[in-house]
Amino acid sequence: MKSFRLIALSALMTVGTFSTVVYTSCTKDECKGVTCQNGGTCSGGTCTCPSGVGGANCETIYRTGYTNTYKGNGTAGTFTFTNYRMVFTTVGTDLTQMNLALQDASGGSVDVPILPITLANNATSGSTFTITSTSTTSGGITYTYTGNGSVSGTTASMSLTETPSTGAAVVYTFTNMIKQ
């Protein structure tokens, strides 16, 4: 009887030890049940989002919140522009790229080409952007445009430098333009 108890105790201890080793050696998939959207990847149960995307599950594409018309005033030296519009539109699949168009008070285009911009520092509060160098020729003069600015879901601001192939550069400044 003593021998049976020892065998039973040994078998029970063996099964217990085996079960403990198997249970503790299993790694839990912390990303099980986590769905990262818009190209996000899961690591340790947390989504890592690509540039231009945010939120706990990469569900927010920031540029979508900036796509709109912003209206306000601007200056170039002593000249003032009233009721101008900055129109932000999405372009392509790169979530940090947009186009920016300027329109006069009537909503008509101005002599500035559509400006490609690159968003940076994306957050729910807004983003800064740089204007990719863009050139156009008018009347035999080539104009190059560069600059930077900021845009959010409510306001936009920009400093745009127009450099003609002849003559001095002009800096246009638009601040606190209001989303329409």
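**A guided reading of the model**

Glu162 has its place in strand 11, which covers residues 155–164; helices (H or I, at least four residues) and strands (E, at least two) are DSSP runs, numbered from the N terminus. The model is a predicted one, in which local features need pLDDT of at least 70 and side-chain atom pairs count only at pLDDT 80 or more, while totals for chains, interfaces and linings use all residues. Residues are numbered from 1 along each chain as its sequence is written, and side-chain values use heavy atoms, with hydrogens and water left out.

Although Glu162 is buried, it has no salt bridge, and the nearest side chain of opposite charge, that of Arg85, is 18 Å away. Here buried means under 20% relative accessible area, exposed means over 50%, and partly exposed lies in between, with a 1.4 Å probe and protein chains only. A salt bridge is a side-chain nitrogen of Lys or Arg within 4 Å of a carboxyl oxygen of Asp or Glu, and for charge Lys and Arg count as positive and Asp and Glu as negative, with His and the chain ends not counted. What Glu162 does have is a polar contact of 3.1 Å between its side chain and that of Tyr172. A polar contact is a pair of N or O atoms within 3.5 Å; within protein, one must be able to donate a hydrogen and the other to accept it, and residues adjacent in sequence count only if both atoms are side-chain atoms. Leaving aside neighbours within four places in sequence, Glu162 is in contact (heavy atoms within 4.5 Å) with Tyr143, Thr144, Tyr145, Ala168, Ala169, Val170 and Tyr172.

Rings of Phe, Tyr and Trp (its six-membered ring) pair if their centres lie within 6.5 Å, and planes under 30 degrees apart count as stacked, over 60 as edge-to-face and the rest as tilted. The structure holds seven aromatic pairs. One of them is formed by Phe79 and Phe81, which are edge-to-face at 4.9 Å centre to centre with 75° between the planes. The rings of Phe81 and Tyr84 have their centres 4.9 Å apart and their planes at 65°, so this pair is edge-to-face. Phe81 is buried, with a relative accessible area of 10%, and Tyr84 is buried with a value of 15%.

The cysteines form another set of links, and the count comes to three disulfides, a disulfide being a pair of cysteine sulfur atoms within 2.5 Å. Cys31 and Cys42 form one of them, with their sulfur atoms 2.1 Å apart; because the torsion about their S-S bond is about -90°, this disulfide is left-handed. The pair links distant parts of the chain, 11 residues apart, with Cys31 in the loop between helix 1 (2–25) and strand 1 (41–43) and Cys42 in strand 1. Cys31 counts as buried at 19% relative accessibility, whereas Cys42 is partly exposed at 27%.

A disulfide also joins Cys36 to Cys47, S to S 2.1 Å, and the torsion about its S-S bond is about -95°, so it is left-handed. Cys36 lies in the loop between helix 1 and strand 1 and Cys47 in strand 2 (residues 46–48), so the pair ties together parts that are 11 residues apart in sequence. Both Cys36 and Cys47 are buried. Cys49 and Cys58 form a disulfide with sulfur atoms 2.1 Å apart, and with -95° about the S-S bond their link is left-handed. Of these two residues, Cys49 is partly exposed, with a relative accessible area of 25%, while Cys58 is buried, with 0%. When the bonded cysteines are numbered in sequence order, the pairing is 1-3, 2-4, 5-6.

Of the 180 residues of the protein, 29% count as buried. Among the contacts with a separation of 6 or more, 32% come from residues 24 or more positions apart.

Gly149 gives a local view of the strands, with its place in strand 10 (residues 141–151), where it is buried with a relative accessible area of 15%. Not counting residues up to four places away in sequence, Gly149 touches Ser127, Thr128, Phe129, Ser157 and Met158. The C-alpha atoms of Gly149 and Ser127 are separated by 8.6 Å, and the two residues are 22 residues apart along the chain.
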